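Q: Please take a close look at one helix pair in this model. Then set that pair beside the other packing on hand.

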Amino acid sequence: MSDSPQPPGLDILKIAVSRIKDPVFLFGLAVIIALALFGAQIPATFVNLIYFVVVGALIAYTALRVVAEVTKARREWEVGQKPVVSPSQPMTIVDNSGVSASHGSVAGGTVAVAGSVYGDIVIGALPASAPPEGLRVAYLGWLIEQCRAVSLAGVDRKSISEETRSDLDLAAVYTALMTQQTEKIDSKNTSPELEGRDARLSALEMLNAQEHLALLGDPGSGKSTFVNFVALCMAGEMLSRADANLALLTTPLPDEERRPRRKDEKPQPQQWKYGALIPARVILRDFVARGMPPSGKKVGGDTLWNFIVAELPDTARDFAKPLREELLNKGGLLLLDGLDEVPEADDRREQVKTAVQGFVAAFPKVRALVTSRTYAYQKQAWKLDGFAEAVLAPFGRSQIHRFVERWYAYVGPIRNLSVNDAQGRAVQLNTAIERSPRLTELGSRPLLLTLMASLHAWRGGTLPEQREQLYSDAVDLLLDQWESQKVRRKSDGSYEFLQPSLAEWLKVDQKAVRALLNRMAFDAHRDQPDLQGTADIAQKKLVDELLALNTNPDVRPKRLEEYLGLRTGLLEPRGVGVYAFPHRTFQEYLSACHLTGDTFPDELAELLRVDPNRWREVVLLAGAKAVRGAASAAWSLAEALCYKDPSPRLPSLQGKEEGADLWCALLAAQVLIENNSLSNTAERNRPKVDRVRGWLTYIVKHGLLPPVDRALAGEALSVMDDPRDLEELAPVPAGPFWMGSETEESFDDERPQHQVALPDYRIGKYPVTVGLWKRFVAERSYQCDPDSLEGFDNHPAHDVSWRDARAFCDWLTGEWRKAGKIGANEVARLPTEAEWEKAARGPSASSGDKREWPWEGEFDANNANTSESGIGRTCAVGLFPSGASPNGCLDMSGNVWEWTQSKREKYPYDAKDGREELTGNDSRVLRGGAFGRSGRVARCASRLPPRLSSQRLRFSGGGLPRLSLLNL
């Protein structure tokens, strides 16, 4: 017996009758009408016969058709309950509430689009018809065209000529980006696949792990390229393209960027578990310019959606509704590029935040990515609610190599190079970069690496090492492209002249055009309301300035506007009547060129004092450019920046003037270091060095400037010889303390919390530094990991095994005894877990201090170098004085993991249960967290999952611990 409800007979009959529209039936009906009209002219005998035959035949035929259609309709009901009404039959749609509507309209707030039909009645909801495949293909194809090209590829004028202008194909040259993260930022939402990971995560893996992600990075770090590449591969996968798809998106990372693997283990693809999501890409600056209501007007999720629809091309405009349905029902990927380029004025950024968060709330199944400059997003007002943060890491050696190889593989054929020649050029460039620390530093930024590759091809194998020189050459290439003659190659191979060069047309010297651009860049940079992105340059201003140089009477404003509108390069059209430099880097460099004239260095120093964030990069570039003319220029600039001794006033009492002094001292140090001015310091310049060093020490000791900039001050202080006693010891008094934790933040291995009593001892105020580790390695000729010798001398030691640390302690004991730092009955050794935790948390009475971090209260990103600080690497020790423990120890939270002497055992702690034995290759416990880990694992009680005593820690900031001293 069927469980399906039986169809009402009357309704089934209506359905059957509605389908009978057979031509035979209609012909019989026409015969009857004809007989009625003209039957008088036919003998009665024949008329009656005709009536009898026709009517009888029609009755029989109709009966047979009704039976057949009733049987068919009943069978359809029983099988699928979806009999189809005649297309011409008018319908009434009824939803479950009983409210009716016409076909295609809304009933009771719900569009009825599927259901069972009885005559003219439809009950339920009709299935949504699939969007025409052509619209979907049109949308995805348009998106691919928007994303597939690499900007700035055209700077190589020999490889990409004007008549065949073709940007580099993104899919051919893209190299995966790494982040500085080693775990999920929001540990409460950590995905299981990321638990316990020590390797850095790629940008794609962070996007995979986080539903809503803010991807941060410096200018030229590849943020926009990543957005475009993700959109390209998602769209390509949906179109079954062989050159752009999910396989390309998840390409395995170079071995250097992964944890060591077995020789027989195949490289694993990057993690992406969501398949092909339909992407929606928005450049936020364009959204503000064309899609936002005036300041003060209400915005919401529909504001951003309406802009996405408005940007669709005509060929895909009708895809808006299917796109919205897919985003709502299946989800998708929202890609928002350039939050830092949104103007701060008129509450525009607040409107963007509201629009983005409204969109995310309205489309809960959509994953979202937003990009921004790191230092810009650190401002609390910029942060998006519910968005995790990940900072892009600079390119490593393997990433540089992979990019260069792919770049030449693609550009080689364009340059008419054979495969072997192209590979040889790639090896040549990679070798040049690897042998030069300066080129390696430049190559760590994808934008500059692209320029280097282009310049390398153009110069035939030579490159400038200085960043300023590289910018100079890049600007020359862009200016040449923008200003030069325009020709076109005809089908017969000859060339057709289209336009003269700008200098030729205006009849002025090219140097005058360059000087004008320098000044316009300076004016734009000075007057730009925001500190992000490039400034808008009004077409009228550009045309007026060029006409002021013009000596050609045939040049008219309108013609000049048309002339400029056909050109790209150093200045490019950005909207109607607006021009801009292609990247902020060039705006800053040209500003620096303008400021190296007669007013150098005084005007530059004064600008920095008034607005440090606006002019810091300009100061560094101007210093480097001036040094090319005279080496003494760096000292002149340093003197103009830092001419006062450090202020004796307390940091908490500092005013604007003292704050300017801090920035000026930092920039003075960077100018001297970047221009190699400290390698042979004349006697007359030594007081300048001492003054700058004093300011840097003052910044570090008092924790001044934001953490990211303070880290730069610490690095500069290392180069200028850090005067602090980094081997200082802190006393820890005897007595009990609380060990472990039982809060919501704690892990199971920290429980139960219990009291432990210890005798007094001394422990290092700072972690052991790279400088001290290098001294041990040199004096003992110790075989260590070469990577452990890299880095600034005042940074914590890293890439050291537990056994390495013990060998170091044995050496240090002898050194300190000889120096009288410790007594003959004292030794330097690794701290036990209990000694380390007491030094971090402080002693306590029976009901005493159970603080979670070395400081009182909640976690504070300004107190430790964890992932929340934004530094993204190790920093000089002692950089966070506000995070000191009650015993005066610094860096107990963050920076690097610290080895302890103890084996991994359960609590309660018992020093006599064998956990403090020094023999064997047992796992040893690490403490303190690291720069790439969250504040949760930087708590006093947190214990890193153990590592073997022979294992060196990589990527997670693993390092050599501080040392505790016990009286024997």
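A: Leu284, Phe287 and Val288 in α9 meet Arg348, Val352 and Ala355 in α12, where contact means heavy atoms within 4.5 Å. The model is predicted: local features need pLDDT of at least 70, side-chain atom pairs count only at pLDDT 80 or more, and totals for chains, interfaces and linings use all residues. Numbering starts from 1 along each chain as its sequence is written, and side-chain values use heavy atoms, with hydrogens and water left out.

By class, this contact of α9 with α12 has five nonpolar, no polar and one charged residue. Here Ala, Val, Leu, Ile, Met, Phe, Trp, Tyr, Cys and Pro count as nonpolar, Asp, Glu, Lys and Arg as charged, and the others, Gly among them, as polar.

Now the geometry. Helix α9 spans residues 284-291 and helix α12 residues 348-362; their axes come within 11 Å and cross at roughly 100°. Axes are lines fitted to C-alpha atoms over the stretch in contact, and angles run from 0 to 180 degrees between N-to-C directions. Helices are DSSP runs (H or I, at least four residues), numbered from the N terminus. The angle makes α9 roughly perpendicular to α12 (65 to 115 degrees; under 35 is roughly parallel, over 145 roughly antiparallel, the rest oblique).

A second pair is α14 (residues 397-414) with α17 (residues 446-459), at about 45° and with axes 11 Å apart. That angle makes α14 oblique to α17. Among the contact residues are Phe403 and Trp407 of α14 and Leu449 and His456 of α17. The classes there are eight nonpolar, three polar and no charged.

Notes. Helix = DSSP H or I, 4+ residues; strand = E, 2+ residues; numbered from the N terminus.
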